[in-house]
Amino acid sequence: MAPDMLDPARTALLFFDMLNGHIKKNDAKTDARYKPVIAAAVRLLDEARQHRMMVAYAAANHRADNLTSAHTVRDTDGRLNPIPLDRPPEFKPVVAGGSWEAAVIDEIAPAPEDYLVPKYRWSAFYQTYLDLALRTRGIDTLIIAGGSTDVGVASTAYSARDMDYNLVFARDACTSPETDNHDQFMRRIFPRMGRVRNVEEIAGMIRAGAAA
């Protein structure tokens, strides 16, 4: 289809790690950051529902004992704080599978027909059934929303591009604690991989595709 259209039958909406453990922290700074993101996600989901699009949720599914988490040697923690050479890095999963923290937030709760994709690494494709589910439905285009922009969203996007999926990035429905990283990806990296649009623009693209 034209670049300003999305065929609802061939497009899926993927929410990445929109989970209680990441969002419902009872922290004013996190609440303020996620408030517009949740509103945008709700709007996007409503448009997808109206056109009976495939909706999927990639959700962290770590073991509580941390034995399926990545244990790599690195310079810093997730917030770029240096890890001293004489101290082993701490590896604590943000959310454990089956817990309240691992559940999708109520505002965009999955419907029975949706796809919940447990994941164990940053990419929603790595050793999950997501690619199989998309190809079985004849999906060739993926709308990505959620966070963090520079971690799981980016990793998923790179995987999707390598598998020849068209990508649409919901700019205002993605977020990162590091706003400079979010801005950098949306401005300089993601446009090389797909289409970067706000939610209202994406909704218009879906409606145009449905009418075409």
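The largest nonpolar core has 33 residues, and among them Phe15, Met18, Leu44, Ile108, Ile143 and Ile202 touch the most other members. Such a core is a set of buried Ala, Val, Leu, Ile, Met, Phe, Trp, Tyr and Cys residues joined through side-chain atoms within 4.5 Å, where buried means under 20% relative accessible area with a 1.4 Å probe, protein chains only. The model is predicted, so local features need pLDDT of at least 70 and side-chain atom pairs count only at pLDDT 80 or more, while totals for chains, interfaces and linings use all residues. Residues are numbered from 1 along each chain as its sequence is written, and side-chain values use heavy atoms, leaving out hydrogens and water.

- A second, separate core of 28 residues includes Ala12, Phe16, Leu130 and Phe185.

**Helices H2 and H6**
- The axes (lines fitted to C-alpha atoms, for helices over the stretch in contact) of H2 (residues 28-50) and H6 (residues 199-211) come within 10 Å and cross at roughly 5°.
- That makes H2 roughly parallel to H6, a term for angles under 35 degrees.
- Ala40, Arg43, Leu44 and Glu47 of H2 meet residues of H6 including Ile202 and Arg207, where contact means heavy atoms within 4.5 Å.

**Helices H4 and H5**
- Helix H4 (residues 149-162) packs against helix H5 (residues 179-189) at an angle of about 30°, with their axes 10 Å apart.
- H4 is therefore roughly parallel to H5.
- Thr149, Asp150, Ala154 and Tyr158 make the contact from H4, and residues including Phe185 make the contact from H5.

Definitions and conventions
Axes are lines fitted to C-alpha atoms, for helices over the stretch in contact, and angles run from 0 to 180 degrees between N-to-C directions. Helices (H or I, at least four residues) and strands (E, at least two) are DSSP runs, numbered from the N terminus. Angles under 35 degrees count as roughly parallel, over 145 as roughly antiparallel, 65 to 115 as roughly perpendicular and the rest as oblique. Buried means under 20% relative accessible area, exposed over 50%, partly exposed in between (1.4 Å probe, protein chains only).
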